[in-house]
Amino acid sequence: MADEHQAPAEPQRRSALQGHYLTGEFGWLVDGVPGIELSERRDLAIVHIDAWFDKHGEVHHALRDDFDLTPPEKLRAVELGQRAILSVGPNRWLVVEKESRNLFAAVRKSIPEEWAAVTDQGHSRVCWRLEGPALRQVLSKGSTLDFDTFGDGDCVGTILGHFTVTIHGRGPSGADIYCARSFAPDLHHWLVEASLEYGLRVTDPV
Amino acid sequence: MSGNQPNRIPDFGRIGRDEPLRFTFDGKAYTGYKGDTLASALLANGVKLVGRSFKYHRPRGVFSAGVEEPNALVALREGARREPNTRATVAELFDGLVAESQNRSPNLKYDIQSLNQAIARFIPAGFYYKTFMGPFANTRLWMFFEKIIRKSAGMGTASGEADPDRYDRMHAHCDVLVIGGGAAGLSAALAAGEAGARVILVDETPRLGGRLNQDVYKIGDLSGGEWVEQTIAKLTALPTVKLLTRTTAFGYYDGNLIGAVERVSDHLPEMPVHLPRQRWWRFRAKQVILATGATEQPLVFGNNDRPGIMLAGAVRAYINEYGVLPGRRAVIFTNNDDAYRTALDVMNAGGAAVAVVDARKNPRSTLIDHTRGKGVTVLTGHAVVNTHGHFELQAVDVAPIDGDGAARRLDCDLLAISGGWQPNVHLSSQTGAKPVWNDKMNCFLPGTPKRPEASAGAAAGRFTLAAVLSDGHARGTQAAALTGHSLDREVKLPRVDAETPAPSEALWEAPDPATGHPKKFVDHQDDVSADDVRLAHREGYVSVEHLKRYTTLGMGTDQGKTSNITGLAIMAKLRGQPIPAVGTTTFRPPYTPIAIGAMGGTERGQHYKPRRRSPMHDWHQERGCEWIPAGLWDRPRHYPLTPNETLRQAYVRETKQTRQSVGICDVTTLGKIDIQGPDAAEFLNRVYTNGFAKLPVGKARYGLMLREDGQVYDDGTTSRLGENHYVMTTTTANAVAVMAKLEFYLQAVWPDLRVKVVSVTEQYAAIALAGPNSRKVMQKIVDIDLSDDAFPFMACGPCHAVTDAIRARLFRISFSGELAYEINVPSDYGRFVWDALMDAGAEFGIVPYGLEALGNMRIEKGHVAGAELDGRTTADDLGLGKMLSAQKPFVGKTLAQRPGLTAPTRKKLVGLVPVDGKTALPNGSQIIELADRDKPRPVKMIGNVSSNGFSPELNTPIALGLLEGGLAREGDTVLVAYPLKNLYIPATVRNPHFVDPEGKRLHG
């Protein structure tokens, strides 16, 4: 960095939803109770792991030992505190946690390149946390999945409206939805519109 | 009769008499009740004339009480929400409803076009086609008269305004989908639901119950209505059962997918802001039960279309469901027992049943005896042969079928007709199950199922209540069992009185009266008469599909629900063949009309297609850029300095400033693919035409990809970030396709290669900085030495941008031909770094440039892009033949050597400038020889213009093109032809590298 240049203030991550994300209550809340509560999970660290087919066991052990989570079987996700590991394909996982360290470096250190390709994807996804009794209806507006049989710990890649998403089921009526960053504003508006008839509360990002 | 609704009868119907609703029809105010349809409310108010017929503009009244209605088509609502061709029989009444008749001028009563009746003999079926054959063929007369005919014979018109309402979509899965909420459907849903199956029941009406709401039945100790309420309560209590009313299943598709539309708020005066107007459902069911009921068929006789002539079942529906007696003196004309109920219900409601005219010679049943016992005259072996009246029915002529036509006149204001019931086999037949004709029942029954479905109740040809209930229960139980659910107790079905109706007898067309030959309508909506069918037969249109197209029989909003059977029966008789030999027309979705808005669903306006935004999107917006779509991305096209600055002025300014000092461009949209693994170099060597095995770490290389057939596929740079780590860039348009192709190669073609690919397009914001001052600007924000020695052309490497917190990748690559850099930073920092670069570049007058300037600069440099990589060009065509390595195999190599792809006559890349130095050479122009300018067309096309721009440095329009002979013709003058605008521009062929052909600036 050239000495004469005065660096701007310390950078803050700018969410793709900035300018689109409005908190408050929207739509048809019955007795003040929303059918959906929505919040953006901001500043996530996300690392994509793609293991060589013959190194699946090594990666499993490394994640279990170094990240306290046993990688889930296909179409599942596991979660511990602020950390989750999502199965996103054969021998492919996403490690997700709130950004507080260089997660990519930590994963790379744990999993050498002889075992897996490891790629930083922390800025490539936007994540919404949805919770509420109308969750199934809202998701069913955009996805052909059978959400009656989709539950806690399930994890699928699917189409929601126009958008390719990963959905991680949490509890009986909650889900985290991950979508590519560039599509995020449109998906956010889609989620808001889809939720209006059930009553929507958008809370501060978490 | 009550108050201002003269035909409303007390103590009948399921309407809310404590909720009066005001509405208007053709500007006149009326009152109805909650639960009415527009048709029932009009009938309650004594309004019989509701429309004019399609062709002859004959007065028409309400004919049915359901979706099959051919006559009562009206326009509902006003302004942008005006919806034409709505069936009054299914339009739910709401307070403030505004309805208007259509296809009449100046008004419904006095319609000038009713004069068409006087020339009816000259406008039979097919006149439209015939009139303009022979001497009129291919003349302007056809176009002239077509407009008049279309205007006169039409239906309603839409508002022409954008639909203001929202439409929604929903997907649902279930074990058992029950379509139809009548007795059979309710019974089936209850059986399946109580067995524990996930059940969805849909019904097109607002009230479940079907005919149980419209006829008088006892089920055990309950009335039909009470049984319905009790059953709904049971179903509602079951946690796995979902009931959907106002939902029409319109189509049955592969994979047991059923399409349906729910009218969520059509029945409300104001559309609630948070509710869609309609919702498009897609049901995926393991088993489907088609309890879709049956449609009563009319009879064909002279002048059978006057207002006051109505299906017999509809009369009972108006009495029992809506509390409306459509006429005081009723004649019933039938060929079956069911219509006798109408006589009894009319009398029970206070009307007079003048007579039952039964086409059968000697029918015997308890119901007939009971009707006779009530004092009703029953004329067997008779038919109605003519009717009288104009705006309403006044009398009918009745004659023995086998007699000489001598008729007796019966005064009446209501004629209830029944030609028997036709099961609604539409959805069943959409699966490919061909309907089967049943001679005894005179109707088509569903064919052998081809999907996991079963028809139940009337839809399966079971027409007594006992049979309907038990069939529904059996089908529901069976469907549940097939999905693994069964009830561990026996269910006792409710007791229902046995019915033993006399067999019906077909009467497809009543005889003419003794004198005259009145019109006998087969298809009321399309004004198709029995004579039209005969005419079609005489003229050789003997297939039912041809009959339909020639006469329009079965077209329109009702799709022949009350006409197809009769029409094909008449045709069968004319052909001397049985009905099964003639067959039916094809049943296609939708079962009933669907609003285009519902099909569009949420994909409108903002959500018509997804838009991709770069991390710097808001900056471009704030700067006032003009946007242009690039694939799904929004990209800045240019940044006008003033409102009056034109596109060309803007991009020329941006080009000049970039070449003279420094410009900045958002290139996030280019595809970025991370490639990792010990075999990555070998992989790249195979997919690119040029060598990558020896690319050192910290270097980038331009690469070219071919398709398997040898044509150029994509290009871009690939940089080696580590020993086993590369990042590939692709064009914006091909980013997804290239990624998919690489995945395919790795998974299917070379699974032995140890390589992984991951898209990082979204992970990084990409910013290009170009121009002689770009190094000075970039150096201000990165922590590595950018001197030419330390970071030469095609160098790449990691760095920090602005602060140590931002880990970036820097590339010294150039699309503009200038000294240039591209920096990739994590996307959430994209805007921050962009701002920092703008600050850093302020002293150099940094200019943001858009897609136009980007394209213009690459044209100046002769770089190919999407316009040239059009799937028809080879590497050699584009001047890139040297990139085809002879040292290694690569995708597309073999087929690139085909004679056709290496022929010397192929068109090759050239540069073009107009001889006059002024006239732009439009994209898409054809290139012809100058000598062919004045020759008769066609002349040979020797090339085309692929891209054009304006070079500030040369001060002339420039273009890239593909030309036979290529650069061998450098210096020649050719003619750039754009015949659509009559442009013929002489242009000089020259080297496509217009600016800095030696590439000195790149190495500056």
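B:Asn320 touches B:Phe12, B:Gly13, B:Arg14, B:Asn213, B:Gln214, B:Asp215, B:Val216 and B:Asp345, leaving aside residues up to four places away in sequence; contact here means heavy atoms within 4.5 Å. This is a predicted model, in which local features need pLDDT of at least 70, side-chain atom pairs count only at pLDDT 80 or more, and totals for chains, interfaces and linings use all residues. Residues are numbered from 1 along each chain as its sequence is written, chains are lettered from A and ligands numbered from 1 in the order in which they are written, and side-chain values use heavy atoms, with hydrogens and water left out.

B:Asn320 belongs to helix α6 (residues 312–320) of chain B. Helices (H or I, at least four residues) and strands (E, at least two) are DSSP runs, numbered from the N terminus. With a relative accessible area of 11%, B:Asn320 is buried. Buried means under 20% relative accessible area, exposed over 50%, and partly exposed in between (1.4 Å probe, protein chains only).

B:Tyr984, in strand β49 (residues 983–990) of chain B, counts as partly exposed at 27% relative accessibility. Its contacts, again not counting residues up to four places away in sequence, are B:Arg937, B:Leu975, B:Val976, B:Ala977 and B:Pro979. From B:Tyr984 to B:Pro513 there are 471 residues in sequence and 75 Å in space, C-alpha to C-alpha.

**Strands around β14(B)**

Six of the seven residues of strand β14 (residues 257–263) of chain B are buried, so this strand is largely enclosed by the rest of the structure. Strands pair if DSSP finds at least two bridges between them. Strand β13 (residues 247–253) of chain B pairs with β14(B) in the antiparallel sense over six bridges, and B:Gly251 has B:Gly259 as its bridge partner in β14(B). The two strands form a hairpin with three residues between them, and B:Gly255 in the turn has a positive phi of about 75 degrees. β14(B) also runs antiparallel to strand β15 (residues 278–290) of chain B, joined by seven bridges. There, B:Val261 stands opposite B:Trp280 in β15(B).

**Aromatic rings**

Over all chains, a search of the whole structure finds 19 aromatic pairs. Rings of Phe, Tyr and Trp (its six-membered ring) pair if their centres lie within 6.5 Å. One aromatic cluster is formed by B:Phe683, B:Phe744, B:Tyr745 and B:Trp750.

**Domains**

Domain bounds come from an automatic or database domain assignment. For chain A this gives domain 1 (24–42 + 124–202) and domain 2 (44–120). Their contact takes 14 residues from domain 1 of chain A and 13 residues from domain 2 of chain A. Together these domains bury about 1,200 Å², 52% of it on carbon and sulfur atoms. A:Arg41, A:Cys155 and A:Tyr178 in domain 1 of chain A lose the most area to domain 2 of chain A, together 39% of what that side buries. Buried area is the accessible area (1.4 Å probe) that two parts lose on being put together, summed over both.

In chain B, the centres of domain 1 and domain 5 are separated by 67 Å, taken over C-alpha atoms.

How values were computed: Phe/Tyr/Trp six-rings, centres within 6.5 Å; stacked < 30°, edge-to-face > 60°.
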